[in-house]
Amino acid sequence: MHAGFVAIIGAPNVGKSTFLNQALGFKLAITSDKPQTTRHRLLGVHHTPEAQIVFLDTPGIHAAKTALNRRMVAVAWEALAEVDAVLFMAEVSAKGMERAAALAPRLAALKVPVVLALNKIDLVPRKQALLPLLERAAGWGDWKAVVPLSGLKGDGVELLVKELSACLPEGPPLFPEDVITDLPMRFMAAELIREKVFRLTSQEVPYGVAVTVDQYLEPPDEDHPVAITATIHVERSGHKGIIIGKGGAMIKKIGTQARQDLEKLIGQHVFLDLLVRVEPKWSRREQGLSKLGY
Ligand SMILES: Nc1nc2c(ncn2[C@@H]2O[C@H](COP(=O)(O)OP(=O)(O)OP(=O)(O)O)[C@@H](O)[C@H]2O)c(=O)[nH]1
Ligand SMILES: [Mg+2]
């Protein structure tokens, strides 16, 4: 069989994490309509009888200003050091094509095979409009393949997985068949809470939020809930007020939605206790980053 590592690289918000979840048939990575949702390198294993693809989802590549942003972009480029192939993801919007064209030279220069996916084709009203976009993208570099994709609807996912499998070396599987990820449950819990903040708040609030899980208590039996205590760290006291909301409405919403996702993930009842804490300017300081897990 074929087996190896594939990094998913691209600008923020193009649909890297959505594709990964769709390919795995499992919600591994959090997603939102805001750029810079993914902050870590996330490992997800795709199994078929013919191939095992170890995907590395990465933060979107962008012009980074804060320490957190610089760390995120570094994480993305560093992922390329350990892979057998790359999935370069772009989106079909005018801005998406422009951004991808700017990124393309660095990806075209890689020594490993690169497959380019043009995502969000469901937003292109007429099929004919797609052809010139595919041709343009093909001209950016010597890609192994150019695949039209709708990660959201699932169109092209199977074909893209096939193209990526073909890029991998022949060899035995790298992970046992029942392994989807190496991420600990505590990390997944923190991420699901952060996803709700990204989806429910706006402007600069989500960008100043980090979530830590302070306690994760497994019950003695399945009749009792898993008890999770987590802290939502914000950069300013004004943001704390927004996260808590009027009469606690926002924190309640975040908590309810996160708990529902966690119960689906764990398959058990969850008791979720959320705290909000101000950690001034954590995203701008190296010390703040390491303290909050970045
Ligand atoms: N219409 C459409 N929207 C999509 C598609 N794929 C992803 N999206 C949406 O695009 C937004 C960003 O998706 P993500 O998967 O979080 O994007 P990402 O590239 O991982 O973003 P970062 O982690 O911020 O770099 C979300 O609102 C998705 O629902 C698609 O095929 N079609
Ligand atoms: Mg992402």
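Modeller: Helix H1 (residues 16–24) gives the largest share of the shell around ligand 1, namely 3 residues; helices are DSSP runs of H or I with at least four residues, strands are E runs of at least two, and both are numbered from the N terminus. This is a predicted model, in which local features need pLDDT of at least 70, side-chain atom pairs count only at pLDDT 80 or more, and totals for chains, interfaces and linings use all residues. Residues are numbered from 1 along each chain as its sequence is written, while chains are lettered from A and ligands numbered from 1 in the order in which they are written.

Colleague: What makes a residue part of the surroundings of ligand 1, and how many residues are there?

Modeller: The C-beta atom, placed from the backbone, must lie within 6 Å of the molecule. For ligand 1, 23 residues surround it, and Gly15, Ser17, Thr18, Thr38 and Gly60 are the closest.

Colleague: Why is Gln36 called partly exposed?

Modeller: A residue is buried with 20 or more other C-beta atoms within 10 Å of its own, exposed with 12 or fewer, and partly exposed in between, with C-beta atoms placed from the backbone. Gln36 has 19 C-beta neighbours inside 10 Å and therefore counts as partly exposed. Gln36 is located in the loop between H1 and strand S2 (42–47).

Colleague: Which residues does Gln36 touch, leaving aside those up to four places away in sequence?

Modeller: Contact requires C-beta atoms, placed from the backbone, within 7 Å. Gln36 touches Pro12, Pro59, Gly60, His62, Met72 and Tyr207, with residues up to four places away in sequence not counted.

Note on methods: Contact = placed C-beta atoms within 7 Å.
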